Amino acid sequence: MFRRSRDPLRKALETLYHVRLLRNKIDILYNRVSERRDVLFEKLTDLESKGEKYLAKRYAEEIAKLDKLLARLAAVQLILEKIDLALQYAINMREFSGLASEINNLVKDMSKIPELNIPDLNLVFIELQASARELSEASEANSVVDINYSIPEGSDVKRILEEAKEVMKKKLENELTV
């Protein structure tokens, strides 16, 4: 019955917060996996120097798996960085109409990435999804811009989001082929 007004600026700030929170969690996970990879690599070199080829091979396989995980996490970091930049631009220029729906679609595509099902990341990602959906709804409801100067063309934002979509598409294609 009583609905809060949908302010796209507020929703964009909330979405930016969730993007940064997820990016920080992924950074922490990336660092932990990278440290684990380094430890395994040291053990691998020790085993090879001792001549234990079977164990060295097992460690090499594990390192290869961690390298793939690190590459996928780096791709997700890149996508989140691009969304962050697009949101910052939209907040500064108060231009939310086209950006909100593109971010919402991009976040929906990100839900297919298996790394985001990690429990710690999944909770933050669900909040990001809800925030992106609310931003899209708020920008559709309040399409009126309340500043009195002409807004420059958002081609840079569109280019950044297109790059993020391309990275996401390549990421999903790689996941489906593996």
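Helix 2 and helix 3 cross in a left-handed manner; a crossing is left-handed if the near helix is turned anticlockwise from the far one by less than a right angle, and right-handed if clockwise. The coordinates are those of a predicted model, in which local features need pLDDT of at least 70 and side-chain atom pairs count only at pLDDT 80 or more, while totals for chains, interfaces and linings use all residues. Residues are numbered from 1 along each chain as its sequence is written, and side-chain values use heavy atoms, with hydrogens and water left out.

The protein chain contains five helices and zero strands, where helices (H or I, at least four residues) and strands (E, at least two) are DSSP runs numbered from the N terminus. Of the 178 residues in the protein chain, 35% are buried, that is, under 20% relative accessible area, with exposed meaning over 50% and partly exposed in between (1.4 Å probe, protein chains only). The protein chain has an accessible surface of about 11000 Å², and carbon and sulfur atoms account for 51% of this surface. Accessible areas come from the Shrake-Rupley method with a 1.4 Å probe, and for residues only the protein chains shown count as cover. Among contacts (heavy atoms within 4.5 Å) with a separation of 6 or more, 83% join residues 24 or more positions apart.

Two packed helices are described by the angle between their axes and the distance between the axes. Axes are lines fitted to C-alpha atoms, for helices over the stretch in contact, and angles run from 0 to 180 degrees between N-to-C directions. Helix 1 (residues 8–50) packs on helix 2 at an angle of about 160 degrees, with the axes 8 Å apart. Helix 1 is therefore roughly antiparallel to helix 2; angles under 35 degrees count as roughly parallel, over 145 as roughly antiparallel, 65 to 115 as roughly perpendicular and the rest as oblique. The crossing of helix 1 and helix 2 is left-handed. The residues in this contact comprise 29 nonpolar, four polar and eleven charged. Here Ala, Val, Leu, Ile, Met, Phe, Trp, Tyr, Cys and Pro count as nonpolar, Asp, Glu, Lys and Arg as charged, and the others, Gly among them, as polar.

Two charged residues illustrate the contact of helix 1 with helix 2. Arginine 23, in helix 1, is buried, with a relative accessible area of 17%. Apart from neighbours within four places in sequence, arginine 23 contacts Gln77, Leu80, Glu81 and Asp84. Its C-alpha lies 7.7 Å from that of glutamate 81, although arginine 23 and glutamate 81 are 58 residues apart in sequence. Aspartate 84 belongs to helix 2 and is buried, with a relative accessible area of 1%. Beyond four places in sequence, aspartate 84 touches Leu16, Val19, Arg20 and Arg23. Aspartate 84 and arginine 20, 64 residues apart in sequence, have a C-alpha to C-alpha distance of 7.3 Å.

Helix 2 (residues 53–93) also packs with helix 3 (residues 97–110), at an angle of about 165 degrees and with the axes 11 Å apart. Helix 2 and helix 3 are therefore roughly antiparallel to each other. From helix 2, Val76, Ile79, Leu80, Ile83, Ala86, Leu87 and Ala90 meet Leu99, Ile103, Leu106, Val107 and Met110 from helix 3. This contact holds twelve nonpolar residues, no polar and no charged.

Phenylalanine 96 lies in the loop between helix 2 and helix 3 and is buried, with a relative accessible area of 9%. Contacts of phenylalanine 96, leaving aside neighbours within four places in sequence, are with Pro8, Leu9, Ala12, Ala90, Ile91 and Ser139. Alanine 12 is 84 residues from phenylalanine 96 in sequence and 8.1 Å away in space, C-alpha to C-alpha. Lysine 82, in helix 2, is buried as well, with a relative accessible area of 12%. Not counting residues up to four places away in sequence, lysine 82 touches Ile160, Glu163 and Ala164.
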